[in-house]
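Reader: I am new to this structure. Could you show it to me, so that I may ask about its parts?

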Amino acid sequence: MQILRSLVFAFSILLFTLCPGQARAEVVATFYSHDFGDHFPHAFIKLKGTVDATGEAVDTNYGFTAVSVSPAILMGSVKGMIETKDAKYIGKSNAHFSLRLSDAEYRKLIAHVESWRNIPGKSYNLNKRNCVHFVMEAAALLGLTVNRKSKFFKKPKSFVLEMMRLNPTLKL
């Protein structure tokens, strides 16, 4: 009987090691910048993958911008919004680095998006709360080192590159 149990155990181990394991579900967050032009936002995050706990497929992106881009943004705060861009816009943007998110990190990031979506009143301010600030706060939530006194809050690509210098293990 002991021999039979040993054989069953050995066979189970062999079967376990030879069968491919289930792929780990995960969401990947990629941080982007978009060169200046008449399309906004200039810094945003793309999320793609599968939430492990629920199996939910994720393929979206989020950036923060003014509802109406006009000279008023130079004068002070204006109404802001979370925006999702199409594949063409993303294709013309610069992907800088990606992070593999745990389910908990994904939930934190979505909560961040929703909190910015629900800021009442005039929530966009070119100097205090723009697309770069949105990306910076998301990165900080995910444990990255950020420079809250950066000189690049109006230069999205330079800001993301600065974050990469502050976090040398980051890569695309």
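Author: One may begin with α3: its 15 residues should span 21 Å at 1.5 Å a residue, and its end C-alpha atoms are 21 Å apart, so the two agree. The expected span is 1.5 Å times one less than the number of residues. Helices (H or I, at least four residues) and strands (E, at least two) are DSSP runs, numbered from the N terminus.

Reader: What kind of model is this?

Author: This is a predicted model, in which local features need pLDDT of at least 70, side-chain atom pairs count only at pLDDT 80 or more, and totals for chains, interfaces and linings use all residues. Residues are numbered from 1 along each chain as its sequence is written, and side-chain values use heavy atoms, leaving out hydrogens and water.

Reader: Which residues of α3 are buried?

Author: They are Asp-103, Tyr-106, Leu-109, His-112, Val-113 and Trp-116; buried means under 20% relative accessible area with a 1.4 Å probe, protein chains only.

Reader: And what do the buried residues of α3 pack against?

Author: They pack against β1, β2, β3, β4 (80-83), β5 and α4.

Reader: Turning to Ser-123, where is it found?

Author: Ser-123 lies in the loop between α3 and α4. It counts as buried because its relative accessibility is 1%.

Reader: Which residues is Ser-123 in contact with?

Author: Leaving aside neighbours within four places in sequence, Ser-123 is in contact (heavy atoms within 4.5 Å) with Phe-64, Val-78, Lys-79, Gly-80 and Arg-129. Its side chain reaches the backbone nitrogen of Gly-80 at 3.2 Å.

Definitions and conventions
Buried < 20%, exposed > 50% of the residue type's maximum accessible area, 1.4 Å probe, protein only. Polar contact = N/O pair within 3.5 Å; in protein donor to acceptor, adjacent residues only side chain to side chain.
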